Amino acid sequence: MLWSPIFVSFTLFLSLPLVLLFSPSPFPFPFISSPEADDLSLFRRATTTHLSTTLNPKPKIAFLFLTNSNLSFSPLWQKFFSTHHHLFNIYIHADPSSSVSDPGGVFHNRFIPSKKTYRSSPTLISASRRLLAHALLDDPLNHYFALISQHCIPLLSLRFVYNYLFRGPHYKSFIEILSDEPNLYERYMARGEDAMLPEVPYHNFRVGSQFFVFTRPHAKLVVQDRRLWKKFRLPCLTEEPCYPEEHYFPTLLWMEDPNGCTGFTLTRVNWTGCWDGHPHLYTPEEVSPELIRQLRESNSSNYSYKHLFARKFSPECLVPLMNIADDVIFRDPK
């Protein structure tokens, strides 16, 4: 009687938490469960905001800084933001464990509530969505949302960037969307066989740039999404090639509104000689007027676009960059 099947089953059920507690995790990276209640509340509020009905409002660009260290290039960005304050807003998501200091100036008090991020995990997606949600809520005049890293620099003036983005009546998002990467299948299978089905079949899976410039409708689309997010928040079984932030945004935009995207990224990255998933890191010796001019030009088959930002620069590049800021970086081409 004591060892009846019901009693054994009940005992096993009670012991399950202890087994899970003391057993090694099968996943090498943090598992992102369904978004916490505060994120869900934030996302709901962000997707119910409406555009301003003010007569002929001047639209703005929301600059979203995603960082896990101090903003080494804040003096350069301060110069970029030194005029036309009515054209932009700034939001910073700083990893709470990194003790990022407030650079002051236009960045003062622009930090949003943040959470821990890990490389090769969905936490970077969560941080980007959090930035988008805060920017959507903060100002209904935010029409474009530009995600920037701490290693990013501007290549042109704010006035040029603004006019470039708002140059036509039909605004599109700028994000790289690729279907012909050599390791596309390995990236798709990173979470295990059939893990992405049925929501994300392989023929719809895309990769691309982590950093983007989204229109307001696409920013809302990202914040509203639950269907694809529940797949991309699953932990990867291997670190390589697991870069969820390079998969989620291109795939979501491709599946929901491919015609609303240019397929081009405005952030220039040099993948020559890349290592461990990191692009080329520019050093002070490489900084020159010619480098800035080269980085501006399109490196894709679509030469109608220009790059407005570039990465990845070492912090030591600040001095040579400041030396050419007025005469080169912020002197726009004619």
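Guide: Start with the bond itself. C236 and C242 are joined by a disulfide, with the two sulfur atoms 1.9 Å apart. The model is predicted, so treat that distance as a computed value. The link between C236 and C242 is right-handed, with 70° about the S-S bond. A search of the whole structure finds one disulfide.

Now check the surroundings of each end. C236 is buried, because its relative accessible area of 3% falls under 20%. C242 is buried too, at 1% relative accessibility. Two further cysteines deserve a glance. C152 is buried at 1% relative accessibility. C261 counts as buried at 9%.

Next, the sheet. Three strands form an open sheet in the order β4-β7-β6, and the pairing is mixed. The edge strands are β4 (153–154) and β6 (267–269), each pairing on one side only. β6 and β7 run parallel where they pair, over three bridges. V269 has R311 in β7 as its bridge partner.

The peptide bond from R311 to K312 is cis, with omega near 25°. K312 sits in the loop between β7 (309–311) and α11 (318–323). P198 belongs to the loop between α6 (184–188) and β5 (213–215). Most peptide bonds are trans, and most residues other than glycine have a negative phi.

D194 has a positive phi near 65° and is not a glycine. D194 lies in the loop between α6 and β5, and is partly exposed at 48% relative accessible area. N109 is also not a glycine, yet its phi is positive, about 60°. N109 is in the loop between β2 (88–94) and α4 (123–138). With 57% relative accessibility, N109 counts as exposed.

Helix α10 covers residues 289–296, and its buried residues include L291, I292, L295 and R296. These four span an arc of only 135° around the axis, so they lie on the same side of α10. An α-helix has 3.6 residues a turn, so residues three or four places apart point the same way. The buried residues of α10 pack against β4, β6 and β7. They also pack against α11 and α12 (325–329).

Finish with the nonpolar cores. The largest has 52 residues. Within it, F63, F65, W77, L165, F313 and L321 touch the most other members. Helix α5 (residues 158–165) gives the most to this core, with six residues. Apart from it lies another core, of 41 residues, including Y91, Y188, V207 and A219.

Leaving aside residues up to four places away in sequence, F63 touches F80, F81, F88, N89, I90 and Y91, among others. Its contacts also include A146, I148, L158 and F309. Y91, one of those contacts of F63, is a member of the core of 41 residues.

Methods. Residues numbered from 1 in each chain as written. Predicted model: local features only at pLDDT ≥ 70, side-chain atom pairs only at ≥ 80, totals over all residues. Heavy atoms only, no water. Core = buried A, V, L, I, M, F, W, Y, C linked by side-chain atoms within 4.5 Å. Buried < 20%, exposed > 50% of the residue type's maximum accessible area, 1.4 Å probe, protein only. Helix = DSSP H or I, 4+ residues; strand = E, 2+ residues; numbered from the N terminus. Contact = heavy atoms within 4.5 Å. Pairing = 2+ DSSP bridges. Arc of directions from axis to C-beta. Disulfide = S-S within 2.5 Å.
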